[in-house]
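Please go through this note with the structure open beside you. The points run from the whole chain down to single residues.

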Amino acid sequence: MKHFVMGIDFGSTTAKTVILDLQGKVVASNVAHMGAVSGEGVKSSIDGALEEAGITQADVGRTVSTGYGRRMLDIADKNYTEITCHARGAVAMVPDARLVIDIGGQDSKVIAVDANGLVAQFAMNDRCAAGTGKFLEVLARAMQIELQDMGGIALEAKEELKISSMCATFAETEVISLLAEGNTKPNVLGAVHAAIANRTMGLVGRVGKKGPVVMTGGVAKNPAAVHHIQKALGMPIFLPKAPQTAGALGAALLALDDYRAENKDEIALALDGRLDLQMDEAQHCVPGCKGVLAEAEVAAVPMVPATGSSWKRLQSHI
Amino acid sequence: MNAIVKPEPYANKLKSTRIAGKMVNEYWEMVWRAKEEGKLICWYEGSAINPFLEAADICWVHGEAYSAMLAARHQEGPAQAAAEARGYMKELCSYARTHLGCAVSNQRNRNDTDTGVSNAPDDNDLASKLPAPDMIISAYAYCSTGQQWDEMTSRLFGKKIPIFNVSIPWIWGAKKDSGYLKGREWNETSAYVARQLNDMVKFIEERTGKPYPWDRLREMMGYVKRASELRLEAMDMCIATPAPASFFDWVVSIAPINNLPVGPQIVDYFQTVRDEVAARVAAGEGAIRKERYRLFFDGIMNWTKVGWLAEKFAKYDAAVIAGRYTHMAFWQEPKLINPQDPVLGMAQNYLICPNNHSAPILIDLIMDLCSKYEVDGMVIHASRTCRAFTNPQFMIAEAATKRLGIPTSMFEGDVTDDTFYKDELVNSRVEAMLEAIDARRLVMA
């Protein structure tokens, strides 16, 4: 019997890997930024996680993949969609979560989770990269700033502007036009993030607004995106410490379920006498189950009340 | 040299529906010959008024059917390009855009010929081959594009084609006594449409110069009624597990009930289909190799992807059993048809086009179908250019989740414009729904 399982989120812009031990404890986690569905990126992420855990692939009993490249990985025993994995990972990070907002590189999803932690309903961006990480990347390039600096600059906005197009290409034109009119970068960026919030609220409306809300995906690391979405929601958002790895964590937990189910007798033998661990074990049986030991530091972002004018502006979009 | 071995399909299509392909081909061959044979030609969209026309020896061309046929043969491109070049934008209903492209192509050829340059359409150019109309009958339920489409067609032909308009009112369902096939509103709108159909017959008499052959219509509606009964009987048998036929089999069987020539052959067709379905039930044979999920399909058909989607769902072990498009349209209430006095029943079947109900009635009907076929989930095809069908889809999804506790999954595509379809997005959404079904089953176990 092996002693570790692995989850890999082979996403459109980054690759993430999480390794768990058989008690569900995170022993390694890695994020690699190496371009669209990059084979090198995913290899780097897997190698990084294995090195951190101090193990080799041979020590991994089960590997589950997710993300756009999930079917491209030979080492994966199974693959699941991002919906299932992000929901599972987010619920592990915030056990009472009822709504998961995940904004990744190429898609944004809102997932309603039921009382059992199972996916009840979901909605995704439909036509293009509207409101996703890719959208922010394109606009960062147009404004000649670093992607990671966007959120901070956007929070310095003093004036409310409006970006109406959510098509990355046309929004870029709009942004250039706003800058040409003499608007400041913070004000323009504020409008960009408000537009993402409006788009996200459309998806929230489709699955139903309920809390607690947890946000995952790379865009959760952008403080302006979180701020504007929270303002539009009118309720606090819980942010895990590593929101980007929620999908990989969910995949790893599914791998854990699978591996434990297959090796039930051996695990019971190994846990003989460890009643506490056996009780935990009993809970690791269904996707979305809340009885996980995965470590996740979670912080609720302080609520900023929406101003009257911003509400009206947001509502005009919704 | 090694022979290429075609993999065994996952979808176990009904064998009897192959006959439909032959019937469809023969029908369009007849349409393409109609001018040479001196027949009057009528273009119409929406409601299945073809028996009225066929009885009077008028060749009928259903716009959506022609567009769907082009799309199913992957030959929609030239017609759509012609329409776009003429100024009809991509967001316009792609049925209309494709059909208007045929009108544009037809006129282009005629004009070139007028200048003395012979430009007879190539036999393979199906856009240009469609013969020009001698009359247009506009009888569309709900669809806001319908009348505009007919008006645009009329303009393309120089506003010289006589048009008759049948107004089919929206069923509001707002009164206390309102409901499916009942209430004062239902009775009044039924009578209103029937009166117009009688006026339409006078219009047909003016065009043909002959008294209307009512006996022939009565005889034809007897065949329609029987074919419809057999079709519904076969569909009902799909409550069996595994389901013996799929939504895609019923899609293939739309033409024989909706727009092909009416006669004993359509009864024979549905009798054969019904018998094959019954034999499958007796043998425990399913519409796919292995049935692990039963799904409802809400949405109009993506005609460029019928076989593709049938195989895709079959590979997921998902039997798509019923749908709004197939099970709630196309003479779906044969009990309303009295062959001896057919007009009122025809009017009523036109009124219950699934787009023409208010949301509460529509949603109740869909939920009933989901319960009847015991589906585990609902896949929703949001057709980009068909607002009429997509308008209530979020409400339908919500009702499925709240009332039946089943997950739904929506993907975007289109009726005849392939460019709106994105395969990887469909995969992600459908797989996510199936995973949600699996997770629920684990909890229930």
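1. **Ground rules.** This is a predicted model, in which local features need pLDDT of at least 70, side-chain atom pairs count only at pLDDT 80 or more, and totals for chains, interfaces and linings use all residues. Residues are numbered from 1 along each chain as its sequence is written, while chains are lettered from A and ligands numbered from 1 in the order in which they are written.

2. **Chain A overall.** Chain A has 11 helices and 11 strands. Helices (H or I, at least four residues) and strands (E, at least two) are DSSP runs, numbered from the N terminus. Of its 318 residues, 53% count as buried. A residue is buried if 20 or more other C-beta atoms lie within 10 Å of its own, exposed if 12 or fewer, and partly exposed in between; the C-beta atoms are placed from the backbone. Take the contacts in chain A between residues at least 6 apart in sequence: 72% of them join residues at least 24 apart. Two residues are in contact if their C-beta atoms, placed from the backbone, lie within 7 Å.

3. **Where the chains meet.** The contact takes 18 residues from chain A and 14 residues from chain B. On the side of chain A that touches chain B, the elements giving two or more residues are α2 (82-93) and β8 (119-124) of chain A. The largest share of that side, 5 residues, comes from β8(A).

4. **The nonpolar core.** The largest nonpolar core has 235 residues. Such a core is a set of buried Ala, Val, Leu, Ile, Met, Phe, Trp, Tyr and Cys residues joined through C-beta atoms within 7 Å. The residues with the most contacts inside this core are A:A252, B:C42, B:L295 and B:I321. Helix α6 (residues 185-207) of chain A gives the most to this core, with 12 residues. The core also draws at least three residues from each of domain 1 (4-79 + 244-295) and domain 2 (124-241 + 299-317) of chain A. Those domain bounds come from an automatic or database domain assignment. In soluble globular proteins, nonpolar side chains tend to be buried together.

5. **A:A252 close up.** Set aside its neighbours within four places in sequence. A:A252 is then in contact with A:V5, A:M6, A:G7, A:V18, A:I19, A:L20 and A:V64.

6. **A helix pair in chain B.** The axes of α16 (residues 359-372) and α18 (residues 393-404) of chain B come within 10 Å and cross at roughly 50°. Axes are lines fitted to C-alpha atoms, for helices over the stretch in contact, and angles run from 0 to 180 degrees between N-to-C directions. α16(B) and α18(B) are therefore oblique to each other. Angles under 35 degrees count as roughly parallel, over 145 as roughly antiparallel, 65 to 115 as roughly perpendicular and the rest as oblique. Residues on the α16(B) side of the contact include B:I363, B:I366 and B:M367, and those on the α18(B) side include B:I396, B:A399 and B:R403.

7. B:R274 sits in helix α12 (residues 264-283) of chain B. B:R274 is buried, with 21 other C-beta atoms within 10 Å. Beyond four places in sequence, B:R274 is in contact with B:L230, B:E233 and B:A234. B:E185 belongs to helix α8 (residues 184-208) of chain B. B:E185 is partly exposed, with 17 other C-beta atoms within 10 Å. Beyond four places in sequence, B:E185 is in contact with B:I171, B:W172, B:K175 and B:S178.

8. **Backbone points.** Most residues other than glycine have a negative phi, and most peptide bonds are trans. The peptide bond from A:G211 to A:P212 is cis, with omega near -5°. A:P212 lies in the loop between α6 and β9 (213-216) of chain A. The bond from B:T241 to B:P242 is also cis, with omega near -5°. B:Y142 has phi near 65°, a positive value in a residue other than glycine. B:Y142 is buried, with 20 other C-beta atoms within 10 Å. B:E374 has a positive phi of about 50°. B:E374 is exposed, with 11 other C-beta atoms within 10 Å, and is found in the loop between α16 and β7 (377-383) of chain B.
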